[in-house]
Amino acid sequence: MSRKEKQSISAALAAATCSLLGAGIPAVVDAQEESAWDFNTSLLYYGEDEDRVQDFSVSAIARRMFVDDRFLTLGLTVDGLTGATPSGAIRQDVAQTFTRPSGNAAYTVPVGDLPLDDTFKDTRVAVTGGWQQPVGDTSLINVGASASREYDYTHLGVNARFATDFNRRNTTLSAGIALSIDSLDPVGGAPMPLTAMLDVGDTGNRMGDQDKDVLDLVLGVTQVVSRDLVVQANYSYSKSDGYLTDPYKILSVVDGTTGDTLTRSPTPGVEGPSHQFLFESRPGERTKHSIYGQAKYYMNGKVLDASYRYMTDDWEIDSHTVDLRYRIPFGTDRYIEPHLRFYTQTEAEFYQLSVPDSQPLPSFASSDYRLGDFDAITAGVKYGWKTRNDNEMSIRAEWYGQSGTVPANQIIGNQANRDNYPDLNAIIVQFGYRF
Amino acid sequence: MNRMIGLAVVVVLLSAGCSSMGVEPWERDVLAKDEMQLTTDALEAATDDHIYFSKEASSGGRGFGGGGCGCN
Amino acid sequence: MDIASSRNNQQREIRLCLAEDAWHGRFRAMGSPCELVCEAAKRADALELTELIAQEAWRIEDKLSRYLDGNIVARINSADGKPVGVDDETADLLDFAETLYELSERRFDVTSGVLRRVWQFDGGDQVPDPQSVRNILQYVGWHQVDWRRPVLQMPRGMEIDLGGIGKEYAVDRCASLIRTRDGSPSLVNFGGDLAATETPRRRRSWKVAVEGDAPEEPERMIDLKQGALATSGDARRFLMKNGVRYGHILDPVTGWPVPDAPRSITIAAQSCVQAGMISTLAMLKGAAAETFLDSQDVVSWCRR
């Protein structure tokens, strides 16, 4: 039978069926086999200005569904990090030389520049695995594990979460726990806290590998308020123990009156720091509490997602985060979603811009800008669309900016003339594909 | 710290009081939409968590604390 | 589980229950478990629609059943060579059967029902001897039927069996009834032959599990947004002798099971009748089933 004759079979059948059933048969057939697998992939670029950190990242999450609503999830992320990050030392009106964290070489920062440490070329690989299954009719349980590796840091973790519905599935209570054991092997060895940065080749003040353990607990309640509104509230507790210091961050030792960094001379014939610097030190414990609330509100096709988080810890850092997203659909398969995020935090109790030589050495000190007093804004937009075979693609571009202040009582002498707090300007671009 | 406990208790009591709030099973059409899920894109959320964990002193909230890397 | 009994007949009971976000109305008809999955807002609406389609399913069952005396099929099959006048609906079904006989090159034949006298597909190994098959074959063949609407006449000993079309026809009729009534989006499912009245509103698509060999483990899950599905398969009805599996689809020309037929074919089409007929036609092609389906531009899933 020729192809033309073969094709006429279904056409003839359609005509015959029409005669049998009459009008009213739908014109369209839309049936697809459900794939057992679900993939969510993305490409990310994160870039800060002024030669600071740049990151390229590829991620994928694969989820396989099994009979009876059971799921296996596997995730992989590979990050490539380059660029430099503020070392914690302050600007000077002269050039400054530092010993690299490895202790094998030195680098010089030009007059007036913010000292940046560029020992940051690094690749990180992270994997996650998880299993979800129902428990009875109204509950479910999730268990998972995670691991990551970069040249100076290894992470291993496990987590579990239990959630139960009641009140006709309108209310869900959940409880989760996560445990991490991380180990650090900093380049050159972790420096003894609050000891001096030494000449190249001198590793006298280095220690061995360091460990850090973290316990996280999350309790949450989700509530359907109406047909268009669902809200969630979570309480989180986090306890970290071990080596919480950043082994590469330093503080400048300054004159108690002028505020200028004290100079020093390296041993003859050897390179070394031109000024006096101390390695930072943070407490060996940190306890955090957060409460988080989120609402999703449907307004005639558009969706508003608003959330707030308050965090407080025993390092005396308090923070507030407000996150707003507004999704606007176009037609049936495209949307645009503007995004705004406001963040503010207060400085850690042991944050200080520099170490004045006129005062006794504190137990803990860090000038890491990430522990300081700053406000941050994220502003961006995301555009998403459905492809021909019903898969989803999206692209988002965001600007993230931080601007901070040093407490007035920490600014000494000439420091007042300089721009002390390393403000941050970064762009985030992410492309996503789900299929 | 006591403030936190107080706040947590209020949240739990509020949720207990919500026991009659909600919708019938057949009114869940809007809630079932992808864009109405609490986390619409897990990968985007994980990316943001990671970026903010590396650049700020706070983490988590929606889920676990994130972290597990040498970035902070 | 809520029981709303609407008939005195023990077998003809309707049950209605709520699962997740839709009403499920269940009853038995045409030898299969039948279900209406309905996105009605109120229980009363879901019950009304279920009753509506149950009545239609039972009406068609009563009309076409081989086991009932006095219905049109019984009158045709006991006519003993004499002409029988039929009603419009039966005439439409016979016209359709004739078209299918031609389209399938005589392999879809509503007179082939008599072959069940020698073939019992019960999973056992009682394969008939070739002579018995040859003997019964003389009573098979639409070409022996004199069909001139509205009068049907066929030789004594021959039978008409509309079971091969009846269930799919009932599904389409019931789906139409709901559409005409402007009922809520529903899925009419009679034992695996099903049709959606329209795209569901509360979920992305109707989710259909196609049975496999293992009772608890579906062979595949299909997302149906619009249209109908029908599955032909030998999951339960077969014979096994000397390691050879005899599927229950019989070739009316030879009297024997179609060799090398796939184990299961699922088709998606605009109506359940179309889907059912294409899957039957494909099965009748045996080894050439996939080639046939590829040339037909239909959505199909084949398992060997």
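Guide: Two residues are in contact if their C-beta atoms, placed from the backbone, lie within 7 Å. The model is predicted, so local features need pLDDT of at least 70 and side-chain atom pairs count only at pLDDT 80 or more, whereas totals for chains, interfaces and linings use all residues. Residues are numbered from 1 along each chain as its sequence is written, and chains are lettered from A and ligands numbered from 1 in the order in which they are written.

Visitor: Which residues does Phe279(A) touch, not counting residues up to four places away in sequence?

Guide: By that criterion, Phe279(A) touches Pro191(A), Pro193(A), Leu194(A), Thr195(A), Met197(A) and Ile250(A).

Visitor: Why does Phe279(A) count as buried?

Guide: A residue is buried if 20 or more other C-beta atoms lie within 10 Å of its own, exposed if 12 or fewer, and partly exposed in between, with C-beta atoms placed from the backbone. Phe279(A) has 26 C-beta neighbours inside 10 Å and therefore counts as buried. Phe279(A) is found in strand E16 (residues 277-279) of chain A; helices (H or I, at least four residues) and strands (E, at least two) are DSSP runs, numbered from the N terminus.

Visitor: What makes Gly243(C) exposed?

Guide: Gly243(C) has 5 C-beta neighbours inside 10 Å, so Gly243(C) counts as exposed. Gly243(C) lies in the loop between strand E13 (238-241) and strand E14 (244-247) of chain C.

Visitor: How do you know that E5(C) and strand E7 of chain C pair?

Guide: Two strands pair if DSSP finds at least two bridges between them. E5(C) and strand E7 (residues 151-153) of chain C have two bridges, in the antiparallel sense. Val84(C) has Leu152(C) as its bridge partner in E7(C).

Visitor: What is the order of the open sheet of three strands in chain C, and why do two strands stand at the edges?

Guide: The order is E5-E7-E6 (chain C), with antiparallel pairing. Strand E5 (84-85) and strand E6 (146-148) of chain C each have a single partner strand, so one side of each is left without a neighbour in the sheet.

Visitor: How many residues of chain A are in contact with chain B?

Guide: The contact involves 65 residues of chain A and 38 residues of chain B. Strand E13 (residues 210-226) of chain A gives the largest share of the chain A side, nine residues.
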